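Please report on the strands, helices, loops and backbone geometry of the model shown here. Keep it brief and sort it by region.

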Amino acid sequence: MVDVITEISQEIAYFGKKQKKAVVGLCIALFSTATLITFLSIPLGFFPPLGDFLFPGRGLWNINEEVPPTEVIHNDKLTSDVTVFRDEWGIPHIFGETERDILFALGYVQAQDRLFQMDLARRATLGQLAEILGEDLLERDEYTLNKLMDYWTEQTYQAMLQSNNPIDQEILTLLESFSAGINYYLDTTKVLPLEFQFLNYRPSNWQPKDTLAFIKYMSEMLTWSYSDFTNILIKNAIGSAAFQELFGYPLPYQIPIVPDFGSDFNTSLKKSLNTGDITANLQSVYSHLSADVLKVIVKNPHEQQFLGKEEVQGSNNWVASGNKTATGKPILCNDMHLGFDLPGIWYEAHLIKEGSDWNIYGFFLAGVPFPIVGHNNYVAWGYTNTAFDVIDWYFYDRINETHYLYKGKPTKFGEISYQIAVRGQKAVSFTIKTTVHGPVFEGLVSASDFPEYEDKIIACQWMGQKVTNEARAIYLFSRAKNRQDFNHASEFFATPAQNMIYADIYGNIGIRPTGQVPIRNDTGIPAWHSGNGTMLYNGSAGQGEWIGFLPFEALPHSENPAQGYLCSANQIVAGPAYTKNYTLQNPTTISNGYRARRINALLASGENLTIKDMQGFLLDVYSVKAANVAPYLIAALEAVPTKTALQTAVLAELNKWDYQMLTTSSAATIFNVWFERFRYQTFQDDVINLGGPRFPPNTILEWLVKNNASSHWFDKNTTPQVETRDDIILLALTDTLEALVDYFGTEDISAWKWGKLHQLKIDHLTGLSPLGFGPIEVNGTGETVSPFSGYRLWKGDGIRLDYSDHGSSERMIIDLGNMNNSLSIIPSGERGLTNSKHYTDLLEMYLKGEYHEQFFGYTTANSFAQLPIESIIYFKAGGN
Amino acid sequence: MAETMELKSTVKIDEEKLTRIIHFLGAILCYLIAVALTFNPYWQLTIIAGILGGAFFLQLRKGALVGTIAVGLAWGTFLLIKLTKTNVGTLLTQMTGILLGNEQLSWLIILVIILVGALLGAVSGVIGSGMRLLFQNFLEKRQKSQQHE
């Protein structure tokens, strides 16, 4: 070697000028090439290797925009052939002979369309985000693992493996088949979607446990809460009597979901309560710990969404019986209100076992092989969230690192340990301590403000931390042939508790709030404590133990009521004759009921209802709140002796308003901004300034406006004189008009269109805005039947444009007279590939108020082949 | 004598013509190979095209030039085909928004990609012509020493 180098050196020494120049040039070029290639082939922080991502031949340029028009897939896991037709919107209609084979195909097509969403959802639930996103997500993973969602998913899976119930074994077999379909896609696809390229990773194989994790995912989304802490702070701030008046039962204007227990809640009680008691004898440890915990939560980007929600994660469902419809058979509707994302949470699919009556159309979670809502040949069903209180928080005295005090005795902590994979660094060890109730959240008590509570720890007990059988429920829903089958399936739906609406082809309708609801032992709680799981408990003292669950049959339900319809919109479950309302629902988490009032009114007055009527109902933006409150605003303004030109114009606009929250309406803008200020001017001094973290429900304000114009709540603590309702109405109006003139830059109220302040913006799951949609002007508010919520109009000193990010995550109309007339739509597209024409095609239809056909009546592959088809996959049984 | 001079002159002209044709063919070959390589997943292999193209030239500058033009043009051709035949433009716009914060600047990303391709072509062209020069020098020396012997 040395000889060769010496020889070359000697050779170079004898080079001429030209040759030496060439050697220098060559060396520089070699060095530059190596540097350039290396630089472009290594990841740059968060960004993938730029060369791999942007240059010809790979990355961006090879990503599929659509699925192939025709595919033929041979697989030895299949026992029979399956054909998948994707319709003109990319929705799969899967024809097969066995359910296992059909679900294999479903797994494959879901992976083709939604792989990144599926992977992200399981990682978010199982605490595996740091593995792909790095150290920044480690804290979130730790918090997620601390909720024990991974632990209880694994326990549920193990329980199913050991279960003697043949249904569980069949479900496991189906989950295996579904997973095999996903994994076949993973094994055979060469080019993964954009998100994987950008994050530069390849997802691991899908397991049945990953599917079971979605139950915990939905439970967290719909039932995780910190209201036990906020309730204590509110009560501490305003006193027990005021708390009862503003935040307790009876809630005004509630129309119960189940109509069989009366509806008169005697809201006159609201008038008689003492309003001056602001000296609640709260024990400081409860309120101080609550304040401490909330201080930590408010800084946690993921957890703050569960804090102080003033609007329940809402949904609507209703059914009109044959007495109310033109066909003489029921029509069932459902729109579940969730946060908007791209791709959307729901995946529509149609599964058909040819030659049998097994024919299912539904809305699936991508990653789950059974429809969450939908219909088969016999029954249709839909959900709304019950808002049952199924999480309790406890504090304890810590004795040392290994023991805490429980009922007077030192008790050893349990321990659950994890190794959390973190991208770019070594795995991190994480150990969770547990008490008799549940996991300890070490970081929640900072004791910075209250060092005397340094020895206190906080833990929770939650329905999501149990082995439950929702997989059995959703498996059985899709097979139900009558009410009895459906009720039987409902028994297994423990969490997240849902109001299940039902209709069948025989003309039956029904509604049944389901879910396991704990019964607490409130013996020994302080006198001021509201109990029933609504406030933080002293766990060391043994308060708030769960001593059982409300039996399934004790939950209120209704079938074929005389009124001819049923509806739920997250309002109170049952009327005053039902004695367990307080066991079921924390009054601070029940919806204010405006949507329920409107739906009830529409259905009560409806006759010969058709699918077209129902399409209109789902898009309804009439404001019950405005219809009830705006007349008082108008009256107060009319009573102003000398009006400015602007006030006169506002009065004229409000007088001609039909209370429709349309993007073109100026009155809607004035009313909505005014109401936000009216609430502020009424309660800011009495609740928020005293330390209460949230305003009372809007219906309380409506009740006070209509029933108690001289309520002390209208009197401002900060002024010597006594203000009444109309003073505050006009004060709020002054704020409103000043702010609107400032925001729009004109006193010409025709420019103050609601659409300029009410807009929708949908983010991609990664939060990368170029992959999102909008902003776009939208009708409605958070309290109309067609809702868009999640925004605040007022910030600091004035108005701001804050985009809505929450609303109907799907719309479904099922005609039980002829299922082939059924319609649906999702605010997304079926395909999660960001350059696909099916990424937002259905969203664009949704925003125009359109629906698509389900093609439910096409029950053979041959008949479906006549329709407009995007693509076909032929799955062939057996290997190549 | 005059005839011999004339013949030599004609041969020289033909040699120059032939060299020009070879150079042209080298450039075309370089371009075609570069285009073919854009359809393989290893973009780094594009330097093969540059090296081959450069090897047709004995001057480093010319090697760099042919690599620049051929690879840059090949990458441009690839982008043109993809952008006109597929919906990748949407992805490019989205990526531009993510990388540069402004979705209107897709043209800049395209320009940068072509420029980087041209740069890779330039340096690999230099490698090609440099190697050719050294190799030819080595051959000539060897030939001389054989003649000397």
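β16(A) and β17(A) form a hairpin, with four residues between them. In the turn, A:Gly507 has a positive phi of about 100 degrees. Helices (H or I, at least four residues) and strands (E, at least two) are DSSP runs, numbered from the N terminus. The model is predicted: local features need pLDDT of at least 70, side-chain atom pairs count only at pLDDT 80 or more, and totals for chains, interfaces and linings use all residues, while side-chain values use heavy atoms, with hydrogens and water left out. Residues are numbered from 1 along each chain as its sequence is written, chains are lettered from A, and ligands are numbered from 1 in the order in which they are written.

β16(A) pairs with strand β17 (residues 509-513) of chain A in the antiparallel sense, over five bridges. Two strands count as paired if DSSP finds at least two bridges between them. A:Met500 stands opposite A:Arg512 in β17(A). Strand β9 (residues 379-385) of chain A also pairs with β16(A), antiparallel, over seven bridges. There, the bridge partner of A:Thr384 in β16(A) is A:Asn499.

## Cover on β16

Strand β16 spans residues 498-504 of chain A and is mostly covered. Seven of its seven residues are buried. Buried means under 20% relative accessible area, exposed over 50%, and partly exposed in between (1.4 Å probe, protein chains only). A:Gln498, A:Met500, A:Tyr502 and A:Asp504 point one way from β16(A). A:Asn499, A:Ile501 and A:Ala503 point the other way.

## The sheet

An open sheet of 11 strands in chain A has the order β1-β32-β2-β3-β6-β7-β8-β9-β16-β17-β21, with mixed pairing. Its edge strands are β1 (70-75) and β21 (558-559) of chain A, and each pairs on one side only. Strands of a sheet pair through backbone hydrogen bonds, either parallel or antiparallel.

Strand β7 (residues 359-365) and strand β8 (residues 373-375) of chain A run antiparallel, joined by three bridges. A:Gly362 has A:Gly374 in β8(A) as its bridge partner.

## Cis bonds and positive phi

Most residues other than glycine have a negative phi, and most peptide bonds are trans. Two cis bonds come next. The peptide bond from A:Tyr249 to A:Pro250 is cis, with omega near -10 degrees. A:Pro250 sits in the loop between α12 (240-247) and α13 (269-272) of chain A. A:Pro250 is buried, with a relative accessible area of 10%. A:Pro250 and A:Asp397 are 147 residues apart in sequence and 36 Å apart in space, C-alpha to C-alpha. The peptide bond from A:Thr495 to A:Pro496 is also cis, with omega near -5 degrees. A:Pro496 lies in the loop between α16 (483-490) and β16 of chain A.

A:Ala387 is not a glycine, yet has a positive phi of about 60 degrees. Its place is the loop between β9 and β10 (391-397) of chain A. A:Ala387 counts as buried, at 9% relative accessibility. A:Lys407 is not a glycine either, and has a positive phi of about 50 degrees. The loop between β11 (403-406) and β12 (409-412) of chain A holds A:Lys407. Is A:Lys407 buried or exposed? A:Lys407 is exposed, with a relative accessible area of 51%.

Helix α6 covers residues 138-146 of chain A. Its buried residues include A:Leu138, A:Asp141 and A:Tyr143. A:Thr144, A:Leu145 and A:Asn146 are buried too. The buried residues of α6(A) pack against several elements of chain A, among them α4 (99-126), α14 (284-297) and β13 (414-422). A:Leu148 follows α6(A) and has a positive phi, near 65 degrees.

A:Glu653 belongs to helix α21 (residues 645-655) of chain A. A:Glu653 counts as buried, at 17% relative accessibility. A:Glu653 touches A:Ser666, A:Ala667 and A:Ile749, not counting residues up to four places away in sequence. Contact means heavy atoms within 4.5 Å.

## Chain B

Chain B has five helices and zero strands. The radius of gyration of chain B, taken over C-alpha atoms, is 21 Å, well over the 15 Å that the globule rule (2.2 Å times the number of residues to the power 0.38) gives for 149 residues, so chain B is more spread out than a compact globule. The C-alpha trace of chain B spans about 70 × 35 × 20 Å along its principal axes. Buried residues make up 40% of the 149 residues in chain B.
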